[in-house]
Structures are given as structure tokens and as C-alpha cells.
Amino acid sequence: MGENGVMQDLANSYVFWVFVFVVLVVVYMLPTLIGIVRGVDRLTLVFLVNLIGAPSGIGWIAAIVLAFGPRRPAPELWRSSYPAGVPLRRDR
């Protein structure tokens with residue numbers, strides 16, 4: 001069989017081509033996936049730059065830079081300065 005037979009079998013395998021397609025899509029959308037995981041502030045911008053600009057290569061790099069940009073600020077929880085169970089005193 002040899003090396004050519006193995007390569008031919010691989011080229012004729014549907015599983016191989018599905019795997020290649022999935023890997024390429026993940027690499028293409030990597031900036032958006034990083035932005036989602038990091039919780040980036042302008043995720044829509046990262047997605048649009050990734051989707052539109054990635055084929056040029058420069059757009060993909062720009063999307064990676066945006067994906068590592070500032071994160072969304074965490075919502076601040078309202079905390080009372082009084083311990084739990086102590087009612088607030090209202091002055092008249």
C-alpha cells in the first residue's frame with residue numbers, strides 16, 4: 001500500500017474533511033471566541049471585524065487585538081455599610 005495509499009484513503013475520507021472544515025472555522029472565528037471567553041467590552045465590534053476583515057489577514061489580527069481589549073466592567077453590588085440585620089436609622 002505505502003504512503004500514497006494512506007494519503008489517498010485520507011483524502012477520500014469524509015470524516016477527515018469534516019474535521020479540517022471544523023478546525024478552519026474555529027481558527028477563523030478565534031478572535032470572537034476569545035472575546036466571548038474574556039467578556040470583552042465591544043464583542044459586536046470584534047465579531048464584525050472578524051467576520052468582514054479576517055479574509056485579508058489584517059482584519060483577523062485587528063480582531064485579535066480587539067478581543068484582548070478592555071473587559072466589560074463587573075456590575076457593582078449594592079452593599080450597606082451596616083451589618084446584616086441592623087435596621088437603617090432615619091433622622092428626621
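**A helical protein, from surface to core**

The accessible surface of this protein comes to about 8,000 Å². Carbon and sulfur atoms account for 68% of that area. Keep in mind that this is a predicted model.

Start with the overall build. The protein has five helices and zero strands. Read from the N terminus, the elements run α-α-α-α-α.

Next, look at contacts along the chain. Take those between residues at least 6 apart in sequence. Of these contacts, 46% join residues at least 24 apart.

Now turn to the inside. The protein has 92 residues, and 18% of them are buried. The largest nonpolar core has five residues in all. Its members are Ile34, Val40, Val46, Ile64 and Ala67. Pick out Ile64 in the model. Leaving aside residues up to four places away in sequence, Ile64 touches Pro31 and Ile34.

Finally, find the aromatic rings. The structure holds one aromatic pair. Phenylalanine 16 and tryptophan 17 form this pair, and its arrangement is edge-to-face. The ring centres are 5.0 Å apart, with 70 degrees between the planes. The pair counts as edge-to-face because the angle is over 60 degrees.

Note on methods: Residues numbered from 1 in each chain as written. Predicted model: local features only at pLDDT ≥ 70, side-chain atom pairs only at ≥ 80, totals over all residues. Heavy atoms only, no water. Helix = DSSP H or I, 4+ residues; strand = E, 2+ residues; numbered from the N terminus. Buried < 20%, exposed > 50% of the residue type's maximum accessible area, 1.4 Å probe, protein only. Contact = heavy atoms within 4.5 Å. Areas by Shrake-Rupley, 256 points an atom, 1.4 Å probe, with all protein chains shown as cover. Phe/Tyr/Trp six-rings, centres within 6.5 Å; stacked < 30°, edge-to-face > 60°. Core = buried A, V, L, I, M, F, W, Y, C linked by side-chain atoms within 4.5 Å.
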